[in-house]
Amino acid sequence: MTHIRTLSSGTTTLEPAPAVAPAAARARPAVEFRSVVKRYGAFTAVHELDFSIEAGTLVTLLGPSGCGKTTTLRMIAGLEQASSGTILIGGENVTARSAAERDVSMVFQSYALFPHMTILDNVAYGLTVGGMAKRAALEAARDKLALVGLAGLEGRLPSELSGGQQQRVAVARAIVLEPRVLLFDEPLSNLDAKMRRQVREDIRQLQQTLKLTVVYVTHDQEEALAVSDRIIVMAGGKIAQDGTPRDLYQRPASRFIADFIGDANIVPALLEGRDGALGRVRVGMATLTLPHRDLADGPVELAVRPNAIRLTPGHDAGQDANADAAGGLPGRVHFAAYLGDHMEYEVAVALGGREVMLFARTPDVDAPLSVGDAVSVGFVPRGVTIVPP
Amino acid sequence: MKRHLGFWLAAGWAAVLVLPWHIGGFWPVFWPGAQQNGPSAGDGMPALIQGLLLGRPWLLASVLPLLAALAGLRAKGGAKGGADGRARSAWLTAAGAGGLGWLLVESLAVTQPGLGLGAAAYALACLVLGAHGLALRGWCKGDVFIVASIGLVLGSILVFVGFPVVTILLSAVQGDDGRLTVAGLFDKLTDSGIWGLGCVLGTGSTCGVAWNTLALAGVVGVLTTGTGLAFALIAVRTGFRFKAALRLASILPVITPPFVIGLAIILLFGRAGVVTDLLSTLFDIPRSRWIYGMPGVVMAQILAFTPISFLVLVGVLQGVSPTLEEASQTLRATPWITFRTVTLPLIRPGLANAFLISFIESLADFGNPLVLGGNFDVLSTKIFYAVVGAAHDQGRAAVLAIILLSFTLSAFLAQRRWLGRRSYTTVAGKGDAGLPSPLPSGVRIAASAVAALWTGLTVLVYGTILVGGFLKSLGRDNTLTLIHYQTAFGIETGPNGWWFSGSAWDSLFTTLGVSLVAMPLTAALGLLTAYLLVRQSFVGRGAFEFLTMLSFAIPGTVIGVSYILAFNTPPLELTGTGLILIIAFVFRNMPVGIRAGIATLSQIDKSLDEASLTLGARSFTTLRRVILPLLRPAIVTAMVYSFVRAITSVSAVIFLVTAKYNLATAYIVGRAEVGEYGLAIAYSSALIAIMVVALLAIQLLVGERRLGRRTAALPVSTSASKVNA
């Protein structure tokens, strides 16, 4: 039986982690999927997945529930066996290896702390079952608990800790093995909203300090934007888009991504001509100048962020829309809500012969519009992108 | 992995070279002069000696699979999935399959004495070697422990449940001359003694035993469900203050040997019974034997099975969301209409379930019909008399057993298939703050009346059991005496010091010994099976589950008959030994372990196993360090039940006991049959006392789980206060 894990003997400092892998392996991607398929009977959960993850980065698998992101994570861990394809970890083919033989560890959604062990024993578990002497294992575990800020609580049982503390124990238990890849399965979903922000910052900080390779699964796009170096958005068992957070927000590859990453109003439009990288886009009677993203002239769709909509009161719906100097569209407020620091509106606009409901967010809370008010709707180009139809 | 392989290979060689291959006259038998000591002495020799020296050359083939395994061990291990690994896998798989296959063919084809310890060890070694081979191929995610466990559980169920059942089927189609005849089987199965309708059509005085059995089970099923419902309504829906007492009463049938209630009923309502006496002196009601027959058996079974249906229905009633009843009330429905149109329909699947469970229990019950049946025959007693009676017709016993088995299996399948997924009463994670609506007064009064009647009878019955043992002859001569206890449990001092002179000691010691040996085996096998069913997915898991659950449905009488038919002759010659009692207990009570294991395991979050796996622990380590500590409640349940059920069991073992290995229950039934009721109930109450002590002792020994709570995140506020404290 070969031991794949390299256990460095319980050093714990805040310096960058000791080289987890030989330098040669460093250059290779930490995780690589080659045409990986996962089928459950007739149902295909993951179709022909190809991606690779660089060492030292935090990559998020993001998508709505049922998109195959958790299955993908569990295939990296070895908790699910791929139906076909190859999975490499640090350049080694691990497709047929069981979870116990892979150099990865995982932080579970439920934390999965062993309820019958103290948190010190929980953290030391991976080291002792790997053959490390009990004393050394406990010492290393103690250091990792101190690292996540739980010094002094070693003797507690998991049920005696708060949710956030349990989460940190789960992280300590996973990093004590100094795995090549650390997996997080929706780690924040059992925390309340305030704790979430704190814990996600902690995770990001830990990842950067220890130069960990992390694969992170979540369905929350804001969480993904906040922690990731790179985001792989999945839908229906396929990769919908793969890029940096900025890429995804500013250049969504599809209407699905535009709507999923941040809110967006999808508005029908017409691309009418181009000048360099910019194109002329007509929305109803208004015209915008936007990057055309190499789409052909003709009907396209615009993704309009809610805060890119400008509402000017007083436009009379009966008046001819062409007369509006700002290039605005005539609309009528259909719904209004006051949320303290901003207002939210739904505005009905006639576009392409049918009524489209636009969702708008404006910071002006002092002079709110009322339901039924006629408004002129304008767009700020920074918050508008063309998406392929 | 290599170390494990080496160990099992060595075990295989030891089985062939050292251990006695057949059941022999000596132990250990590696002895030069053993041959002179009788014809059977050489049977105790190891396989290789027998093969070389004793003219059994076919036994020499046993070394071939071991040589193949050796070749596999010497083939380079290499990385999993590599070419070398494939060679090793092929050798080991061949060794396992070859060894087991050879053993099967050899033991069935050649006439020779029964297999012994060596053969058993050899089979186990081959199984594990083969499992290594299959695991190397990637079976069960490459986990040797899982593959071997599946093989072990499946193999032992096939040998000790499947094989006997097949034997009983075969012996039913066997004619008197030993040849197989299907035509004869049809006649036997449709015999008028079984299916006759004389009592209904007026052509005869009695009905077929099959109709008797079904009628009894149907009546008992309905009445028991009613009584159980009455208690459940009282426990869940009224302000009844002695709910703890109800729970306590529900363990009574567990620790009561099944025929004891029947005995007490005879002492109360028999011709010379206490109640009969009272009625005849006070009201001049003539004494009669009405209690012997269906009325008595029905009464005994209702008393015995009500707690079971109570437990089923309490769970169901608690699952009915009070909000639904509140909704009904806010829609202007009266309590009675709410009860009739909302509550009852919601618990209908639960009622059907309780009915079927009582129905199966009644079909399988043997003790009560035996002592109370009189001329009223049911299948289980008929089977008994066919084997031990003057007729001594094992073929007829087999036919009756097949009919009984088909009844219980049908009811069992109906329960699983039809009710398995029909439940309206799921407990959601959401809080349900509603209050259950009060019972309509008519229902409340009826339930209280039924419950009071049952409670009165039960108190009377247990009072009779406890007091009766201290009276000379209950009803006839009510003088206090210790004579029954003295006869049963006397200890005297003689020339050789103290000795156990009581007539019950032998059977009591055998019972305790056999039960204690069977207890950990039953729990281990049951929990292992539960673990495989709940936590592992493998090809054929559904069939595996079905097979293990089937053993729930086999009545004890059928097990008993099939064991004497299957294990009376080589290759597995076990009748007359203490071992067969242990085996019967293990496989009869294993389902209890499976149930307890499944219930507890499905409450333990699967991500705990997965966390352990991703932390580098293999499944055996995970099982030992994570699952087992959390399974403590299930271990306690499985051990307690297997111990208690072994002690109270009568139907299966009454066929298997011998003068040397007699069991307490069989002894008591024997005493009762000859009318020594005082001794019988004295011994019964001693048994009940022993079981209560054992229950408490096991509870103390295994201890409570270290925490009742699972890993779910606590609300921040509570934990914060704890941290500050």
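Visitor: Which residues of chain A does UniProt list for "domain: ABC transporter"?

Guide: The unreviewed UniProt entry lists residues 31–261 of chain A under that name. UniProt positions follow the numbering used here, feature names are shortened, and annotations may be inferred rather than shown by experiment. Over residues 31–261 of chain A, the chain is 36% helix and 26% strand, with the end C-alpha atoms 25 Å apart. Helices (H or I, at least four residues) and strands (E, at least two) are DSSP runs, numbered from the N terminus. A word on the model itself: it is predicted, so local features need pLDDT of at least 70 and side-chain atom pairs count only at pLDDT 80 or more, while totals for chains, interfaces and linings use all residues. Residues are numbered from 1 along each chain as its sequence is written, and chains are lettered from A and ligands numbered from 1 in the order in which they are written.

Visitor: How many domains is chain A divided into?

Guide: Domain bounds come from an automatic or database domain assignment. Chain A has domain 1 (23–250) and domain 2 (263–387). Their C-alpha centres lie 41 Å apart.

Visitor: And what does the domain assignment of chain B give?

Guide: Chain B has domain 1 (1–137), domain 2 (210–390 + 404–425 + 437–468) and domain 3 (479–707). In chain B, 7 residues of domain 1 are in contact with 4 residues of domain 3; contact means that the C-beta atoms, placed from the backbone, lie within 7 Å. The domain 1 side of that contact has 4 nonpolar, 3 polar and no charged residues. Here Ala, Val, Leu, Ile, Met, Phe, Trp, Tyr, Cys and Pro count as nonpolar, Asp, Glu, Lys and Arg as charged, and the others, Gly among them, as polar.

Visitor: At what angle do helix α5 and helix α6 of chain B pack?

Guide: Two packed helices are described by the angle between their axes and the distance between the axes. Axes are lines fitted to C-alpha atoms, for helices over the stretch in contact, and angles run from 0 to 180 degrees between N-to-C directions. Helix α5 (residues 117–136) and helix α6 (residues 144–173) of chain B pack at about 135°, their axes 8 Å apart. α5(B) and α6(B) are therefore oblique to each other: angles under 35 degrees count as roughly parallel, over 145 as roughly antiparallel, 65 to 115 as roughly perpendicular and the rest as oblique. Their contact divides into 9 nonpolar, 3 polar and no charged residues.

Visitor: What about α23(B) and helix α26 of chain B?

Guide: α23(B) and helix α26 (residues 578–601) of chain B pack at about 40°, with axes 6 Å apart. That makes α23(B) oblique to α26(B). Their contact has 20 nonpolar, 8 polar and 1 charged residues.

Visitor: How far apart are the axes of α23 and α29 of chain B?

Guide: The axes of helix α23 (residues 505–535) and helix α29 (residues 632–648) of chain B are 8 Å apart, at an angle of about 140°. That makes α23(B) oblique to α29(B).

Methods:
Two residues are in contact if their C-beta atoms, placed from the backbone, lie within 7 Å.
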